Amino acid sequence: MQVSVETIGNLGRRLTIEVPAEQFEQAFASRLQRLSRQVKMPGFRPGKVPAKVVEARYRGQLLEEAAGELIERTLREALGTQNLRLAGGTRIEHKPLARGQGLQYTAEFEVYPEIKQLDLAGVEVERPVAEISDADVDRTLETLRRQRITWNAVERSAQKDDQVVIDFVGRLDGVEFDGGKAQGYPLVLGSGTLLEEMEQGLIGAKRDETRNVAVKFPDDYRNQMLAGKAADFEIRVNLVNEPALPEVNDEFAKLLGVAEGGVEKLRAEVRANLEREAGSRARAVLRRNVLKALRDANTFDTPESLVTAEIERMQRIAQSMSARSGTPMPNGDGSFFRQRATGRVALGLILAEVVHARAIKADPARIRARVEDMAKDYEAPERFVEWYYSNPERLGEVESTVLEERIVEELLGTSKVRDQTVPLTDLLAMDVSIE
């Protein structure tokens, strides 16, 4: 077998392979003999059809099958001898086939890029650290109070943060449109639930008052039939309610499940919850910083076949989510998916090399501990664990998560970690994606 290699771009390769005529003839004769024992033809007993008769009818099929068998085997051998790592997207073309001649074909494909930086030696990675302050606890308690608002009817004019109960009818050019009508609709002014013009148009309104409000739907409005159009809404105010917030006292603590210890115990539990949330977010940000630093340290072309496959996978998921939610898919030109798919493929290739080079494995005990921790939120934890372990694909998701954690730990051991103290609000707002 003769093999020659041609480089096409950075990752493209073209192999030209010539298989000797004797080898091709042997593959053809073997298939012809096998088919002769199986084929049925009128006038011949099963298995007794002469080889020449079988060849006359099935020559083209046999030539293609023999070529396919040889191509699969010789291509694998050629990749090994040439030390090429196939990334996918193989395109095969062979010259005309005939008995007594050798098999000549070309195979075009992409190879995996060379990844050189498999650690973060000399790289500084920032780890955010947030100390929970009394102001953070106060802010959380205020949120909890607002989640338990009660509404009291008032006779004054409506103002921001009041709740109005309204009936409304929307019209385009004087004609009512679908979805533009409601009765007894509760609206908190300033909440952004409805169009801003509608909410602003009700500031100062009183009970039993009717107002006409002109609005313009945004160009990117979710209902394409209304996007960019002007409409008029006739709105009747049935009630104006002002918010009443519960006081932070022992009764409020009991309402939140703190049976003993009152407000002091409540504040301690809120602080503990915020510390757990801050710790979880800090780990997510650290993971993002580590993986982004590793990806930034490696610059290479990504195999187009792998990127295309990832784009198709992402589009299938997006189409499914779009169908369920009724919202349009992002960026119809595909740039949204291509940028993210390229980043994901690149990171996946790097991590695979790190795993191989450092022989990193997901510890079964750690996987078990993760599943058992997830099971704590269920009434029958043991059954949850059994259910999770009964499905290899489901368990594989946890294995991937644990493996990634091990990778991040290994990389952190090679980097310089710098702690950066930040306010809790800033920490919770930090980006954790690496796309």
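How many aromatic pairs does the count come to? The count comes to 11 aromatic pairs, where rings of Phe, Tyr and Trp (its six-membered ring) pair if their centres lie within 6.5 Å. The views below come from a predicted model, in which local features need pLDDT of at least 70 and side-chain atom pairs count only at pLDDT 80 or more, while totals for chains, interfaces and linings use all residues. Residues are numbered from 1 along each chain as its sequence is written, and side-chain values use heavy atoms, with hydrogens and water left out.

**View 1. The aromatic pair of Phe 168 and Phe 233.** The two rings are edge-to-face (planes over 60 degrees apart; under 30 is stacked and the rest tilted), with 5.9 Å centre to centre and 65° between the planes. Phe 168 belongs to strand E7 (residues 163-172) and Phe 233 to strand E10 (residues 230-244), so the pair ties together parts that are 65 residues apart in sequence. Strands (E, at least two residues) and helices (H or I, at least four) are DSSP runs, numbered from the N terminus. Phe 168 is buried at 8% relative accessibility, and Phe 233 is buried at 5%. Buried means under 20% relative accessible area, exposed over 50%, and partly exposed in between (1.4 Å probe, protein chains only).

View 2. Phe 384 and Tyr 388 form a tilted pair, 5.4 Å centre to centre with 40° between the planes. Being four residues apart in helix H10 (residues 381-389), they are separated by about one helical turn. Phe 384 is buried at 9% relative accessible area and Tyr 388 at 8%. The charged end of Arg 394 sits over the ring of Tyr 388, 5.9 Å from its centre; this requires NZ of Lys or CZ of Arg within 6 Å of the ring centre and within 35 degrees of the ring normal. Arg 368 lies over the face of Tyr 389, 5.0 Å from the ring centre.

**View 3. Arg 145 in helix H3.** Arg 145 lies in helix H3 (residues 134-146) and is buried, with a relative accessible area of 18%. Leaving aside residues up to four places away in sequence, Arg 145 touches (heavy atoms within 4.5 Å) Leu 245, Pro 246, Val 248 and Phe 252.

**View 4. An open sheet of four strands.** The strands follow the order E1-E2-E4-E3 with antiparallel pairing; two strands pair if DSSP finds at least two bridges between them. Strand E1 (2-8) and strand E3 (86-94) stand at the edges, each with a single partner strand, so one side of each has no neighbour in the sheet. Seven bridges join E1 to strand E2 (residues 12-19).
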